[in-house]
Amino acid sequence: MAGKTRNEASSSKTGSGGRHRGESVVFDAGRRKSSCGYCRSGSRSSISHGLWAHSITVEDYQDLLDRGWRRSGSFLYKPEMEKTCCPSYTIRLRVDDFVPSKEQLRASKRMQRFLDGTLNAKKQEQIDDGPKASKSSGSCIHHEVSGSAAKGSLPGKDGEKNKVEAFMHYLSDQIDDAVRACTENGEFVCDVKLPKASVKIVLPAQRKLQVEGSEDLLYSSNISFQIAATLRRAQSAEKDVPCSKLARHNTENDVASLAYSPKTIAEKLASSLNHVVKVSGITVRACNGHINFYSARENNFLSDGIQIVNVPKESSTGSGSEEGCLKKNSGCPQAKRRKLEIRLKRSSFDPEEFALYRKYQIKVHNDTPEHVMESSYRRFLVDTPLVFVPPTGDDTVPPCGFGSFHQQYVIDGQLVAVGVVDILPKCLSSKYLFWDPDLAFLSLGKYSALQEIGWVKENQAHCPSLQYYYLGYYIHSCSKMRYKAAYHPSELLCPLRYLWIPFDIARPLLDREPYVVLSDFAVLQNGGSTPRVPEILAEMKHDGLNKDSNDIDDEEMDYADFVNSDDESDTEADGLTSVGIGDGDVSNILIGLKKSCVRFKDLQHAFSPQERAFLETQLRGYMRAVGAEIAGRMVYSLGG
């Protein structure tokens with residue numbers, strides 16, 4: 001019977017193609033109390049439920065993230081939201097909807113100017129000219145970015161710059177004409193003042209090699225998002241507006257989902273701009289709500305100095321997979337240029353990374369040298385319980401595979417930043433970032449976040465299920481966390497029903513109290529008794545979200561917090577209640593004992609009544625924390 005149950009458990013850990021992806025084996029650490037690194041209360045007021053993970057599949061960890069869990073090395077933890085001093089809400093961003101803020105765009109431009117050699121920073125320390133030998137053994141996302149065309153034109157030539165700016169104004173005017181045409185045709189509300197279009201240059205570091213040919217993305221406008229927001233506000237303010245005014249070609253039921261969709265608006269406007277192709281020789285396409293302008297011929301004056309070539313695939317010895325590398329170069333010899341390489345490698349110990357981490361912790365977090373130990377670094381940022389899933393080539397796994405990775409940022413051969421990430425079936429989960437304090441002026445935290453968001457977008461072609469960027473926990477009372485909500489539009493996880501709630505709805509609720517059942521807003525809205533959130537949102541000023549909270553890393557709880565925490569895994573109820581679980585039936589929980597695996601219902605007879613009652617209490621707390629479905633898949637280890 002034990003063998004049969006183990007086979008049943010293993011079969012639940014297979015991928016879409018029937019491939020075995022391992023199994024999850026955890027040891028329940030129960031409730032933990034530790035000092036809080038956020039409010040610095042001085043007492044052990046941070047309360048969480050903990051699991052030690054021997055192994056965990058990427059599917060199970062994805063589901064645990066969507067129930068409010070995170071990991072520190074091989075230790076998984078979930079705050080007890082009603083009891084902990086600083087409730088921590090999981091925050092994520094749907095990358096297709098991402099609209100970068102001005103501050104985030106400035107960080108990207110600052111990096112490009114630094115690479116071009118045109119950035120003047122008083123505190124800047126020069127990076128050695130000579131490249132060093134690469135020590136990366138993993139698959140790579142390899143961007144060699146160097147200088148001349150940071151803004152789509154040759155630097156130092158005012159004539160070229162003026163020509164580009166004039167052309168951007170021309171494109172903006174053409175979009176405005178298309179918006180007016182749609183309004184006159186009845187496709188947009190005629191009595192609402194719509195925003196003016198703004199076309200911006202797409203930086204070389206943000207450009208992508210286009211599948212269609214030798215085209216290069218030069219300019220983009222996000223006007224569709226602004227129009228969609230304006231039309232939605234108009235609909236909310238005036239409920240009795242006839243649907244025929246809002247969208248001439250849409251049915252009444254499709255108004256909200258289609259007529260106000262940035263994607264639909266962008267497609268309409270792009271189709272109205274075909275004449276621009278004939279006039280300027282560029283291509284216009286809608287892409288995920290953006291209106292993009294591409295160069296249509298190799299020697300177009302707008303793309304001088306930019307060369308994009310495809311680098312043949314190389315064998316990635318450390319990852320067991322192959323991944324193409326995108327290489328971007330500029331042919332302009334002017335100014336001192338630097339080369340940026342972004343490498344993605346499987347999580348492993350790297351002495352160069354540890355040296356950078358040590359420097360970062362001492363200078364940025366004021367740790368004493370004796371407290372920055374290799375052993376704690378390994379446990380915190382290198383060790384991982386995630387079972388690696390190699391690429392399959394069938395659009396279910398990205399070229400790098402699923403698992404835990406370190407993304408290295410290397411400038412002229414020198415390691416300047418490392419992002420620790422987990423790549424899962426639905427998301428890239430950002431865990432931690434450490435960077436060279438001498439380059440603080442580059443806002444590497446913002447820049448790396450933009451790169452990680454871009455990575456998800458790029459890899460959707462290989463793995464369509466990748467849709468989200470998880471930023472860890474958001475604590476509303478902690479000012480250091482505010483930067484996370486600046487990646488707009490973000491969502492927070494409801495701690496009770498595990499539904500995702502838009503941050504703009506959650507924020508005024510969290511202004512009132514730290515712990516909120518966020519999904520109650522939607523429930524009340526459907527029931528007719530609604531709080532005044534729309535009015536609050538209309539008056540709310542988004543202060544603090546776009547301030548330069550430069551490069552605050554994801555403040556994960558350190559391994560040491562758990563080693564020094566109080567263990568309260570006793571018969572006291574842990575308070576982790578959730579809808580539909582309650583005390584639940586624990587009979588189907590998989591129990592691991594002495595290398596065998598059986599359901600609890602088949603093992604109860606092996607315990608005395610007292611032992612069985614104690615174990616049932618522990619299992620109920622475990623099931624409330626992870627959910628009945630996950631509890632039926634993961635192996636609950638009793639040791640032995």
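Modeller: The account below begins with the whole protein, turns to the sheet and its helices, and ends with a second sheet for context.

The model is a predicted one, in which local features need pLDDT of at least 70 and side-chain atom pairs count only at pLDDT 80 or more, while totals for chains, interfaces and linings use all residues. Residues are numbered from 1 along each chain as its sequence is written, and side-chain values use heavy atoms, with hydrogens and water left out.

The protein contains 19 helices and 22 strands; these are DSSP runs numbered from the N terminus, with helices (H or I) of at least four residues and strands (E) of at least two. Of its 640 residues, 53% are buried, where buried means under 20% relative accessible area, exposed over 50% and partly exposed in between, with a 1.4 Å probe and protein chains only. Among contacts between residues at least 6 apart in sequence, 71% join residues at least 24 apart; a contact means heavy atoms within 4.5 Å.

The part requested is an open sheet of eight strands with mixed pairing, in the order E12-E13-E14-E15-E16-E5-E17-E18. Two strands are said to pair if DSSP finds at least two bridges between them. Strand E12 (340–346) and strand E18 (500–502) lie at the edges, each pairing on one side only. From one strand to the next, the twist averages 30°.

E13 and E14 run antiparallel and are joined by nine bridges, and Val 410 has Leu 415 in E14 as its bridge partner. The hairpin of E13 and E14 has two residues between the strands, and Asp 412 takes a positive phi near 50° there. E14 then pairs with E15, again in the antiparallel sense, over seven bridges. The bridge partner of Ala 417 in E15 is Trp 435, and the hairpin from E14 to E15 passes through three residues. E14 is mostly covered, with 10 of its 10 residues buried. Further along the order, strand E5 (residues 89–94) pairs with strand E17 (residues 490–493) in the antiparallel sense over three bridges. In that pair, Arg 92 stands opposite Glu 491 in E17.

H12 has 16 residues and reaches 22 Å from its first C-alpha to its last, close to the 22 Å expected at 1.5 Å a residue. The expected span is 1.5 Å times one less than the number of residues in a helix. H12 is mostly covered, as 14 of its 16 residues are buried.

The axes of helix H3 (residues 102–116) and H12 come within 9 Å and cross at roughly 95°. H3 and H12 are therefore roughly perpendicular to each other, on a scale that counts angles under 35 degrees as roughly parallel, over 145 as roughly antiparallel, 65 to 115 as roughly perpendicular and the rest as oblique. From H3, Glu 103, Gln 104, Ala 107, Ser 108 and Met 111 meet Leu 444, Lys 446, Tyr 447 and Leu 450 of H12. The residues of this contact divide into five nonpolar, two polar and two charged. Here Ala, Val, Leu, Ile, Met, Phe, Trp, Tyr, Cys and Pro count as nonpolar, Asp, Glu, Lys and Arg as charged, and the others, Gly among them, as polar.

For context, there is also an open sheet of four strands, with antiparallel pairing and the order E6-E7-E9-E8. Strand E6 (200–201) and E8 stand at its edges, each with a single partner strand, so one side of each is left without a neighbour in the sheet. Helix H8 (residues 262–271) packs on this sheet, touching E8 and E9, and its direction makes about 160° with that of E8. Seven of the 10 residues of H8 are buried, so H8 is largely enclosed by the rest of the structure.

Methods: Axes fitted to C-alpha atoms, helices over the stretch in contact; angles between N-to-C directions.
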